[in-house]
Amino acid sequence: MSESAITVTVKLFAAYQEAYGVSELVLEFPHGIPVKAVCDRLIVEHPELTQWRELTRFGINLIFVEPDTLLQDGDEVVLIPPVSGG
């Protein structure tokens, strides 16, 4: 990993977890990137997730954040699409 890169753990739920078949990913990003870039990357890898882009909420280290919140090395990111069921 270069000095300008960060590593984050991404917890997947609902449609994101279904698309990847796992509950967690460890990804590397450039330093200074917003949390919404995590969602964008997952959609590039799994275009079927595009429908959830505008509906997904973000959490970093157990706190809900805005999509433009910058990531830090070691952050735990949660992508929370709408869920239904009982």
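The protein chain carries 5 positive and 13 negative side chains, and the centres of these two sets are 4 Å apart. These values, like those that follow, come from a predicted model.

**Overall architecture**

Two helices and five strands make up the secondary structure of the protein chain. Read from the N terminus, the elements follow the order β-α-β-α-β-β-β. The radius of gyration of the protein chain is 12 Å, close to the 12 Å that the globule rule gives for 86 residues, so the chain is as compact as a globular protein of that length. Along the principal axes, the C-alpha atoms of the protein chain fill a box of roughly 45 × 25 × 20 Å.

Of the contacts in the protein chain with a separation of 6 or more, 54% are accounted for by residues 24 or more positions apart. The protein chain exposes about 5,200 Å², and carbon and sulfur atoms supply 55% of that area. Buried residues make up 35% of the 86 residues.

**The nonpolar core**

Which residues touch the most other members of the largest nonpolar core? They are Val10, Leu42, Leu71, Val77 and Leu79, out of the 23 residues in this core. At least two core residues come from each of β1 (5-11), α1 (14-20), β2 (24-30), α2 (36-45), β3 (57-60) and β5 (76-80). The element that gives the most to this core is α2, with five residues.

In α2, the buried residues are Ala37, Val38, Cys39, Leu42 and Ile43. An α-helix has 3.6 residues a turn, so residues three or four places apart point the same way. The buried residues of α2 pack against β1, α1, β2, β3 and β5.

Leu79 illustrates how separate parts of the sequence meet. Leaving aside residues up to four places away in sequence, Leu79 touches Val10, Lys11, Phe13, Tyr16, Val38, Cys39, Leu42, Thr56, Arg57 and Phe58. Val10 and Leu42, both among these partners, are also listed with Leu79 among the core residues that touch the most other members.

**Partly exposed residues of note**

| Residue | Relative accessible area | Location |
|---|---|---|
| Ala14 | 26% | Helix α1 |
| Gln17 | 32% | Helix α1 |
| Asn61 | 39% | Loop between β3 and β4 (63-65) |

Ala14, in helix α1, has a positive phi of about 50 degrees although it is not a glycine.

Asn61 is placed in the loop between β3 and β4, and its relative accessible area of 39% makes it partly exposed.

Where does Gln17 lie? Gln17 belongs to helix α1 and is partly exposed, with a relative accessible area of 32%. Residues up to four places away in sequence being left out, Gln17 touches Leu12, Val22 and Ser23. Gln17 and Leu79 stand 62 residues apart in sequence, and their C-alpha atoms are 9.8 Å apart in space. Leu79 is one of the core residues that touch the most other members, and Tyr16 is among its contacts.

Methods:
Residues are numbered from 1 along each chain as its sequence is written. This is a predicted model: local features need pLDDT of at least 70, side-chain atom pairs count only at pLDDT 80 or more; totals for chains, interfaces and linings use all residues. Side-chain values use heavy atoms; hydrogens and water are left out. Helices (H or I, at least four residues) and strands (E, at least two) are DSSP runs, numbered from the N terminus. The radius of gyration is taken over C-alpha atoms; the globule rule is 2.2 Å times the number of residues to the power 0.38. Buried means under 20% relative accessible area, exposed over 50%, partly exposed in between (1.4 Å probe, protein chains only). Contact means heavy atoms within 4.5 Å. Accessible areas come from the Shrake-Rupley method with a 1.4 Å probe; for residues, only the protein chains shown count as cover. Lys and Arg count as positive and Asp and Glu as negative; His and the chain ends are not counted. The place of a charge is taken as NZ of Lys, CZ of Arg, CG of Asp or CD of Glu. A nonpolar core is a set of buried Ala, Val, Leu, Ile, Met, Phe, Trp, Tyr and Cys residues joined through side-chain atoms within 4.5 Å.
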